[in-house]
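Keep the model open beside this text. We will walk through charge pairs, surface patches, helices and loops in turn.

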Amino acid sequence: SPDGNSIPILIQRAHGHFQLWCATFHKSPALRTFSKSLMSWPNLSTSPWFNTKGSDVMLITRWLDDFVGQLLLDPKEPAHIPVMKVMRSALKAAKDSYDVMVSHPLLLDRACAIHLYEHMCTLLNGYAWLARWSLENDITAFAMVYKIHAWKHEALDLLKALKNKTAIKFLNPAIHSCEINEDVIGRVSRLSRLVDSRSMERRCLQLFLVKCRFLYKRAFPKQ
């Protein structure tokens, strides 16, 4: 590329592709850009990870699923094909796991629970394979973070429940999700989407207090 292939330029190029994908599928991410700071990536000896809202994580996952699929249509290096296939499989499993959990109620039927367990295992096995491949190729990526450990426990708990042949309903792992408690609703939610995500709490409180002052002055103009 005439602009070069430095890491900051590659990150911005990736964000441009992500923006195009979001525009194509009418998605509205909260994040404004990709950066080394957002990716918690100060240097090449650190394994990057996106420090973003859960909704943005799922958008990035869906975008990467499409992006890796496009790369597989015309791979530049044959040696990259096995790695990209595992990436695609893990990304699809992450996406499908989420879709199953959020589209079902608290209790899953056996067929749905088995379907979810298969997706969970595909994601875990794919991530472990990529972590080992990264280690063997001296690449700092796919760190075995605690969330992977927790996801394995969720899968094992579901498997244990499935082994009970008399059980007909199974607990949806989404019950342990805290995203409902993290999000705000109504007017405050709409306001939070209009301000910078890096200072969202402070700016929402400031604008809320400004609105309170206007309403107070309107109600009591002589005070």
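A salt bridge here is a side-chain nitrogen of Lys or Arg within 4 Å of a carboxyl oxygen of Asp or Glu. By this rule there are eight salt bridges. The model is predicted, so local features need pLDDT of at least 70 and side-chain atom pairs count only at pLDDT 80 or more, while totals for chains, interfaces and linings use all residues. Residues are numbered from 1 along each chain as its sequence is written, and side-chain values use heavy atoms, with hydrogens and water left out.

Side chains of opposite charge can pair when their charged atoms come close. Take lysine 95 and aspartate 65. Their side chains meet in a salt bridge, 2.7 Å from N to O. Lysine 95 lies in helix α3 (residues 80–103) and aspartate 65 in helix α2 (residues 54–73), so the pair ties together parts that are 30 residues apart in sequence. Helices are DSSP runs of H or I with at least four residues, strands are runs of E with at least two, and both are numbered from the N terminus. Lysine 95 and aspartate 65 are both buried. Buried means under 20% relative accessible area, exposed means over 50%, and partly exposed is in between (1.4 Å probe, protein chains only). A network of salt bridges links Asp65, Arg88 and Lys95.

Now turn to helix α4. Arginine 132 and glutamate 136 form a salt bridge through their side chains, at 3.1 Å from N to O. Both residues lie in α4, four residues apart, about one turn of the helix.

Another pair joins arginine 198 and aspartate 196. Their side chains meet in a salt bridge of 2.7 Å, N to O. Arginine 198 has a relative accessible area of 74%, so it is exposed. Aspartate 196 is partly exposed, because its value is 24%.

Stay with helix α4, which spans residues 110–136 and holds histidine 119. Histidine 119 has a relative accessible area of 13%, so it is buried. What does histidine 119 contact, leaving aside its neighbours within four places in sequence? The partners are Ala93, Asp96, Ser97 and Val100. Contact means heavy atoms within 4.5 Å. Asparagine 125 also lies in α4. Asparagine 125 is exposed, because its relative accessible area is 54%. Asparagine 125 and glycine 4 are 121 residues apart in sequence and 35 Å apart in space, C-alpha to C-alpha.

Next, the surface patches. Patches are made of residues with over 30% relative accessible area and no salt bridge; like charges are joined within 9 Å, and nonpolar side chains (Val, Leu, Ile, Met, Phe, Trp, Tyr) within 5 Å. Lys and Arg count as positive and Asp and Glu as negative, while His and the chain ends are not counted. The place of a charge is NZ of Lys, CZ of Arg, CG of Asp or CD of Glu. Arg187, Arg190, Arg193, Lys211 and Arg218 gather in a positive patch on the surface. Helices α7 (186–192) and α8 (200–219) each supply at least two residues of this patch. Arginine 187 is in α7. Arginine 187 counts as exposed because its relative accessibility is 66%.

Leu106, Leu107, Leu171 and Ile175 form a nonpolar surface patch, with about 350 Å² of accessible area together. Accessible areas come from the Shrake-Rupley method with a 1.4 Å probe; for residues, only the protein chains shown count as cover. Leucine 107 sits in strand β1 (residues 107–109). Leucine 107 counts as partly exposed because its relative accessibility is 42%.

Finish in the loops. Most residues other than glycine have a negative phi, and most peptide bonds are trans. Serine 40 is not a glycine, yet it has a positive phi of about 50°. Serine 40 lies in the loop between α1 (7–24) and α2. Asparagine 51 is placed in the loop between α1 and α2. Beyond its neighbours within four places in sequence, asparagine 51 is in contact with Leu38 and Ser40. Asparagine 51 counts as partly exposed, because its relative accessibility is 46%. Phenylalanine 142 has a positive phi of about 55°, although it is not a glycine. Phenylalanine 142 is found in the loop between α4 and α5 (146–162).
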